[in-house]
Amino acid sequence: MTLPEEPKSAIGNLADLEDGQIALSRYIVKRADGLYVNLSRLDSPADFADFVERTFALGLYFRALDYAQFQSLLYDDPASREQAGPAEVFLALDIATFRPQRQSLYKELRIQHGEAIYLFEAIYLDAASDEQAAEDSASSPRQQLAGGLLESRAWLDVDEFIASAWTRGVRFGLDIAALEEGFQLDKPERRVVARSRPFVAGKNAEVSEQAPGLHRNNAPRRLLGDRVDLRQFETRYPQVAAGLRLVKKSPRTLGVDGRDVTGEVLPAPLPKDFDLERMAGAGTLLSREADGEFLVASVCGFLTIDTRSHQFSVTDKIVSHEGVSTRTTGDLMLTGEEYEQHGEIQEKRVVTCRSIIAFADVFGNIVSTGGTVRLKQNLVGGSASNDDGDIVVEGVASGATLIAPHGCVTLKRADNCTIIARQVVIERATLCDIVADALSLELAEACAAAARNIQVQSARMRKEIGNVFLLLLPDASNEEAGIVALQEKRAVLEKEIAAHRAKLDAVRGGKDVTSYLRLASKFRRGEVTLTPEQEAGWRRLSAVVTPVLKTCSLLAEAVNELVAQSTRVGLEIDEALAAAEQACGELACTVERVEGETRISALQAKPADTPLHALPRKELKIRLRATDAATKQLFSGSSGRFSWTYQKPPPEPL
């Protein structure tokens, strides 16, 4: 292709460069069909941008510019180009002079909101006032003006517009098709001729669950028969096995930068990232594998996710920081050995577990099947029960119920509580109802208590209400009857033993048996030898006494068995007597200082009566303070000291 002579090329040689000419950079190659860019010589888009800036600054423009390629050379990273692409790319047909007369045809662009707007209108030139512009528009339609002057329409050029827009700050996103349409308009009209390219946002790094049931399911717990329990959630504390993949990290995806019409970069925000290893708490570890990064459980236990630090932990105990409420957890039924609760347990909420440590106030109900119930703060209006363990409240128990039938209840302060346990230890108790085997009180105020052993340091009144202490005397009739039955059984065995021994002695006393046993003893010691005639007699004697010897063996075995039975019965009698003695030794009551109205009585329990610990709270309160035929008063007064120890009555004469 041969370049046309007009407009004249503005490309010159560096050696004889004239004014208004430009020397090509080393990466611009001029060929017969136009200008090409050698990509291998182009180090960065900045090099090409410098050449473009220099070209337009000299009042030049690119003829027949490939605008898409032009934008790519300016703003694309050379490293991102395909390796298999062409070594040279077409840029433009030539570089020509952008004459001032032509530059004056192009107006300013209005840049706003990421767009460039241009006012298109038909331009007519006065041939007398602008001869060069008239020559450029010689082929344009002419019309007669007043005074006989002629005017012709001037047409805008896309390549010139690109150069003009560059110098006016619009360097990206020109819409070539919109320009060509705008040039043909006859009436003035504003149109958008360039638009910025918005950035494409990236994607933040994420974690995804790798095993079902890891997250807490707040749906109501399903029961048999398609029923649901609205007080409990389906899953609160998931349990996992060692080696289980917990979560996988999906790495962040970087966004794509945009470009403003001015050519400035519109940077895409950097997506958020995180270090998965920092999320590995106790019992978990980071595993980098071929298919990604995973957080893996290193031990078997309960999964806990700290919502503040976002750490995953697997421990042998359940740790909760959110408290127990209708909104967060509902009622809890836990299978772990240990449970730590750092939040409040709200009113009417039920927590069923084994060992529990509550670090905040408890207003609900704790039901333990064993272990230890330890409350670091207060128990208010709720309850704590432990079927096979102890209960410890380090704060105040107020209006609460505490039950530990096989354990010890230890309290610093108890107000208006009902306490039932094997052992109760309280520093200060006020208006409490207590049933125990052993009771120890530092200070009792208006309490009613029943126990087998009562130790009180100080007893005071409160609001004209005194203390009532009941010593629970056991019903020894059953134990005594059992001991008598065992003694009678042993007597019967002793008679049978004597009868069997007498029968055994009678059988062994026979003449033949006596002779046989005496000779057999001598044979074993090697004291005698037999002649053939004596051996025959010995065999006859053995045949005679063999049935008798079998009878003796059976009688001896029977005697040994009876003796063993008698020995076992004797041990049972000794144990029963020791237990009865110990039970009687535990029956005691001591009140070191009586400082208010106090009544102490002994209560003889009857097998037909309902046990005190089984009575409803209202009935228990009435029964503890009642006086009837079953109670025997031991002390009544408002001062002094009281000490009493049970004395076993002497046996009745036969």
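User: Why does Leu 471 count as buried?

Analyst: Buried denotes under 20% relative accessible area, with exposed over 50% and partly exposed in between (1.4 Å probe, protein chains only). Leu 471 has 0% relative accessibility, so it counts as buried. This is a predicted model, in which local features need pLDDT of at least 70, side-chain atom pairs count only at pLDDT 80 or more, and totals for chains, interfaces and linings use all residues. Residues are numbered from 1 along each chain as its sequence is written, and side-chain values use heavy atoms, with hydrogens and water left out.

User: Which residues does Leu 471 touch?

Analyst: Contact requires heavy atoms within 4.5 Å. Not counting residues up to four places away in sequence, Leu 471 touches residues including Ala 451, Ile 454, Cys 589, Leu 603 and Trp 644. Leu 471 itself lies in strand E38 (residues 467-473), a strand being a DSSP run of E of at least two residues, and a helix one of H or I of at least four, numbered from the N terminus.

User: What makes E1 and E2 antiparallel partners?

Analyst: Two strands pair if DSSP finds at least two bridges between them. Four bridges join E1 to strand E2 (residues 34-38), and the two run antiparallel. Lys 30, for example, has Leu 35 in E2 as its bridge partner.

User: Why do strands E1 and E4 stand at the edges?

Analyst: The open sheet of three strands has the order E1-E2-E4, with antiparallel pairing. Strand E1 (28-31) and strand E4 (88-92) each have a single partner strand, so one side of each is left without a neighbour in the sheet.
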